[in-house]
Amino acid sequence: QVQLVESGGDSVAPGGWLRLSCVASGSTADLIYMAWFRQAPGKEREAIAAIHTGGNPTFYGDNVEDRFTIFRINTYTISLELTSLRPDDTGMYYCAASRSWSAVRQRVIKRAAFDYWGPGTQVTVSS
């Protein structure tokens, strides 16, 4: 089993920034991808970004602008930097991990292929 724990969520004003972190522990040796997803109130969970556990390559969801950057701290710790935050960035941000190469296909992040999920960290953007 793999355990994922996110941190860094907070309430910020529009235009602010946050850095989220995720640490994977347990049986991590076979993990291939780690990723961030977001679920806004009343909406489906959407992919934000994914990264190979080796640090490269990185992939971003279709609706993600260049305000967000995913990077690796070490093999099983990743971060997501959120800049120029807007109210519509509000939501629960989840870290996920996958043992499957099919978790990213043709640069598309496949939510269903992620086996492990953290409990999430809340980001609220409000004035």
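**Talking through a disulfide, an arginine and a pocket**

Modeller: Start with the cysteines: C22 and C95 are linked by a disulfide, with 2.0 Å from S to S. Bear in mind that this is a predicted model.

Colleague: What makes C22 and C95 a disulfide?

Modeller: The cut-off is 2.5 Å between the two cysteine sulfur atoms. C22 and C95 come in at 2.0 Å, so the pair qualifies. The structure has 1 disulfide.

Colleague: Which parts does the pair tie together?

Modeller: C22 sits in strand β3 (residues 18–26) and C95 in strand β9 (residues 91–98), so the bond ties together parts that are 73 residues apart in sequence.

Colleague: And why is the disulfide of C22 and C95 called left-handed?

Modeller: Because the torsion about its S-S bond is about -80 degrees.

Colleague: How do you know whether C22 is buried or exposed?

Modeller: Buried means under 20% relative accessible area. C22 has 0%, so C22 is buried. C95 also has 0%, so C95 is buried too.

Colleague: What about G91, buried or exposed?

Modeller: G91 is in strand β9. Its relative accessibility is 1%, so G91 counts as buried. Setting aside neighbours within four places in sequence, G91 is in contact with Q39, A40, P41, T121, Q122 and V123.

Colleague: Which side chains make polar contacts with the side chain of R38?

Modeller: There is one with the side chain of D89, at 3.1 Å, and another with the side chain of Y93, at 3.1 Å. The cut-off is 3.5 Å, so the distance to D89 passes, and so does the distance to Y93.

Colleague: What else does R38 touch?

Modeller: Not counting residues up to four places away in sequence, R38 touches several residues, among them E44, R45, E46, I48, F68, D88 and M92.

Colleague: Where does the largest pocket come in, and which residues lie nearest its centre?

Modeller: R38 is one of them, along with E46, N63, D88 and D89. The lining has 13 residues, and the space in the largest pocket is about 240 Å³.

Notes. Residues are numbered from 1 along each chain as its sequence is written. This is a predicted model: local features need pLDDT of at least 70, side-chain atom pairs count only at pLDDT 80 or more; totals for chains, interfaces and linings use all residues. Side-chain values use heavy atoms; hydrogens and water are left out. On a 1 Å grid over the protein atoms alone, a cavity is a set of points where a 1.4 Å probe fits but cannot get out, and a pocket is an open set with protein on both sides within 12 Å along at least five of seven lines; lining residues have an atom within 4 Å of a point. Grid points are joined across faces, edges and corners, and a volume is the space filled by probe spheres set on the points. Helices (H or I, at least four residues) and strands (E, at least two) are DSSP runs, numbered from the N terminus. Buried means under 20% relative accessible area, exposed over 50%, partly exposed in between (1.4 Å probe, protein chains only). A polar contact is a pair of N or O atoms within 3.5 Å; within protein, one must be able to donate a hydrogen and the other to accept it, and residues adjacent in sequence count only if both atoms are side-chain atoms. Contact means heavy atoms within 4.5 Å.
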